[in-house]
Each structure stands twice: as C-alpha cells, then as structure tokens.
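Have the chain open in your viewer.

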Amino acid sequence: MTNSNSNSNSYISITQKPISIKLKASKTTNSFHYKLPSPHRFSRYFVPFLSIWALLSISQVYFSPLPCPHYLQCLRPDPHTTTNDEFWTWAQSGVTAVKPCLDFTDSYVNESRTPFYKRYMMVVVSGGLNQQRNQIIDAVVIARILRAVLVAPILQVNQIWGDDSEFGDIFDISHFKETLKHDVKVVSSLPATHLTRRRIKAPLMPFNAGEEWVHTNYGEDKLDKKSVLILRGFDSRLAKNLTSDLQKLRCKVAFEALRFQPWIEELAERFVRRMREEGPYVALHLRLEKDVWVRTGCHSGLGSEADEVVERERALKPRLLTSRSKLTPRRRYLAGLCPLNANEISWVLKGLGASRKTRIYWAGGEPFGGRDALQPLRADYAKLFNKWSLARPRELDGFKRKPSILAAIDYQVCLKSQLFVASHGGNMARSLQGHRTYLGYGKPIRPNKRQLVRLFLNTTLTHHEIRRKIKQIHIEPSDSASILLTNKDDVIAYPAHHCMCTQ
C-alpha cells in the first residue's frame, strides 16, 4: 500500500535573484564565483518541460480504455495498489478468460417475439432487501413461464422497522422494464381495465416447484383475461434446477435488470471513493446482530451474561430458531453452523495475509454487544469503517428507519471492494458472491467454518501454523475451465456454468 503522504504537492522554488556560490579555491588556483542560471534562462528549459507534461496528461484522457457495457459497473484497477503486495495481488486476481454470456436458445428467442398474453400477475415480496431481491428474480421467471404481464412487485412493509419503501423507491424501474422487455413485459401498475377484475389467490407453492407445477397450478385454468393472479409466500420455493434458458434469465434479472435508483448508487459511490482514498479495501458482511444469534442457536462469544440474554429470548420465541434440531450451541459451533465472531474474522483476515494497515468496510446492523463486540477486530485492524462512520454530517439523515436503502448502500460498497468476506453466508453474501463473479471483480471468500473451528480449537498449532492453514483452505482453483465446470444449480451464487463463457 502506498504512503498517504505520497499525495502531498511538490514545488519548485525559483528565487527572484541569481544565487552566487563562492567556492573556496585551492592554494594553486585563483578564487572565482559560480552563478546559477537566471529565472529568464531557466524558463527556456522549464516551459518546454511543462508543455510536454501537459500533452502526456491530455493523451491519458483521450486514450483511456473504453467503458464497459451499460450493465457492468466496472471495477477499475486501483492506482494505489502496489504490484509487489502479495495480499492484494492475490485478492484481486480473477478469471480473466470468462465473461457474462447470456446466449438464449433459438426457441426462447422466437417465443420472445410473440405477443405477451393479456394476463396479469402481481407478487408481494417479504423480508429484507436481499430476500426481496430473490423473490423478484423468481417472480420474473414465473411470469415468463406463464407468459404473463408482471406488475411491479409490491414490497411488504417490514414488520420490525416499519419500512414502507416501494419498488420504485429502491430500484430503477425504467431500467428494469427496458432490460427485460424481450423476456417479460413489466408494467408499473395494474391497468384501470383490471382494477375490478377477479383476484385469484394462488395455491401456496411447495418447495422445489418446477416449471410443470407452475403451468399446472397457475396456468390458463387459473389465470385468464378476466382475472389477476396474486402470488405471495413463494420465497425460495421455485426449483433451482430449471432449464438453461430460465437459469440465464435469473442471471439477467439479478445482475443486469435489478439496478438501484441512481441517487442510491451515487451515494454509495461516495463511500467507495472514501474507502479507496488510501488504496484498495476489504469488505466484510458481519452477521453479529442479536436476532442472528437467536435464530442460529449459537453463542456470541461475548460471555455467559450475553449467552443468557440470547437463551431467554430464544425460549420466549422458539419459532425464531432457524433449525428445529436439538443441537446444543456447542454442537452447532463444531458443525460450522454459527456465524464467525469478530475475533474469528480477525484470524481469517490475518491468515489470508491482510496487514494491520488494511482498510476494512463492514456491512450489517448494530452488533449484539455494541462496540465491545467489534473490539477484537478493531484491535487488529484500526482502519475499520461502516456507512455511519464514513458519512458526512446529515448525509444519512432520514434513513435510520429505511433499512432497505441502508442495505442497498452496503451492497454497493461491498460489491466494489477488492476482497469480500462474509461471516455467515445468507442472502446478501450469496448474491454478492455471484454478482462479483459475474462482473469479474475481486475475490469473494466464503469461510469454511467447519475447518476453521478445528483450527481454532487445536491447541497444538502455533499462530503461524494457524494462519498458514487458513490461507491454504481458502485457496480455490481460478482457471476458467474449473470455474465453468462448477455446475451448481444456484446460479445466483454460482453463475459461471450457465451464465458465463470463455472469451
């Protein structure tokens, strides 16, 4: 990393009078005076030098690389990155021979040329921002299967925060419509001709429902010109292993069509610039909120009093426990089912090779335990920031009750980082992993928690050995052949096989 003082200005000082330097002569020679050139004489050399420098600067502007396609928010090489820094070289290495490749089949393209049915479908999506994104992606796929017109999704009011943001408040709806115009017709609202039409409450979609199930239960028998199909409660229920065309459509929605409102992206970009002031940065998604510890059935590592608080809340609301199994917190931890706490994340970063001067942006809500929860991480990495610490006065005023907007800012800053690490996975980590792969950005790291736990509990290993093994278990093949052969059905997290190809 470069020194922050490297940006300070340098000046050439020219005095108003010639400088005389009196040299002491030897005994065998006469004394003499030596004069430096006058300002007039100096300018004959200095002015041409300035002209050449200006021409070179202009040429860099006119001959800069061409911009990326409209949907690719290109991550430019950071000018502060030092070529001999092993950590950043490794963190920014990617698969340059692979690019987005949405080559739909001829039958899909031909079907897209036929008029859309005058059947309208409305969807109500719930949860946090990234959970809503997943449902919007599947809603577009379902509308394509049915050849229905999709009304802009309705975002259910967040019951915890009371966030009443609408689709158009968060996402660029004009861009959404334009990007998908050959795949699915999207309208902002239900036409007046259908306001009084019969509403059909669709049957609840089972888990792993495929294309045939959608046709059978939501097709022509249920959805016609005289009715409006309303879907809700379909989160993570549409099958992951759909046809190749529908998998590509998922990628198109997730990584090209779902763009945040321009003002949100501009605000996030300010934070990105501030994070890059001293060079590249690492982004962390920390799942340290109180509800996360309650839902996972894990201990936070903050001591017995904190554990008792979580246990009491879990006993009062047993339905919040994500897994209904009877595993104890200890057994969950050993199975790699718990979020990494701040101390463990610090170990991961040190193992990957991040120096103490590394700048880190952490995304997420208020950690359970407040500042104390982050102290182990801050002790090793003093340059630790989040959106609140980066914000200028009044820059985020009015957003404390708008978690969707705050989550969108976090998403964008994490997306543009040189290295992204998630402490527990989840919808945001899954989306960012796939999005960064699709755009060819720096590495996303999914910590192998089961193996990490074994390292942390092994008292026979030295600190050096732990760090070496952490790096070893997180080095993955990065050649284009191995990436494209990773045939995983979850294209939002693993888009390479269906949605990318060699250049």
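In helix 4, Arg133, Ile137, Asp138, Val140, Val141, Arg144 and Ile145 meet Leu246, Leu249, Arg250, Val253 and Ala254 of helix 8. By class, this contact holds 8 nonpolar residues, 4 charged ones and no polar ones. The model is a predicted one.

Now look at the geometry. Helix 4 spans residues 129-146, and helix 8 spans residues 244-257. Their axes come within 9 Å and cross at roughly 135 degrees. Helix 4 is therefore oblique to helix 8. An angle has to be over 145 degrees to count as roughly antiparallel. The crossing of helix 4 past helix 8 is right-handed.

Stay on helix 4 for one more residue. Asn130 belongs to this helix. Is Asn130 buried or exposed? Its relative accessibility is 7%, so Asn130 counts as buried. The cut-off for buried is under 20%. Leaving aside residues up to four places away in sequence, Asn130 touches Tyr411, Asn427 and Met428.

Which strands pair with strand 10? One is strand 11, residues 359-363. Strand 10 and strand 11 run parallel and are joined by 5 bridges. Within this pairing, Tyr281 stands opposite Arg359 of strand 11. Another is strand 13, residues 419-422. Here too the pairing is parallel, over 4 bridges. Leu284 has Val421 of strand 13 as its bridge partner.

Helix 13 runs over residues 342-352 and helix 14 over residues 371-380. Their axes come within 7 Å and cross at roughly 25 degrees. Helix 13 and helix 14 are therefore roughly parallel to each other. The cut-off for that label is an angle under 35 degrees.

Who makes this contact? Helix 13 contributes Ala342, Asn343, Ile345, Ser346, Leu349 and Lys350. Helix 14 contributes Ala373, Leu374, Pro376, Leu377 and Asp380. By class, the contact of helix 13 with helix 14 divides into 7 nonpolar, 2 polar and 2 charged residues.

How values were computed:
Residues are numbered from 1 along each chain as its sequence is written. This is a predicted model: local features need pLDDT of at least 70, side-chain atom pairs count only at pLDDT 80 or more; totals for chains, interfaces and linings use all residues. Side-chain values use heavy atoms; hydrogens and water are left out. Axes are lines fitted to C-alpha atoms, for helices over the stretch in contact, and angles run from 0 to 180 degrees between N-to-C directions. Helices (H or I, at least four residues) and strands (E, at least two) are DSSP runs, numbered from the N terminus. Angles under 35 degrees count as roughly parallel, over 145 as roughly antiparallel, 65 to 115 as roughly perpendicular and the rest as oblique. Contact means heavy atoms within 4.5 Å. Ala, Val, Leu, Ile, Met, Phe, Trp, Tyr, Cys and Pro count as nonpolar, Asp, Glu, Lys and Arg as charged, and the others, Gly among them, as polar. A crossing is left-handed if the near helix is turned anticlockwise from the far one by less than a right angle, and right-handed if clockwise. Two strands pair if DSSP finds at least two bridges between them. Buried means under 20% relative accessible area, exposed over 50%, partly exposed in between (1.4 Å probe, protein chains only).
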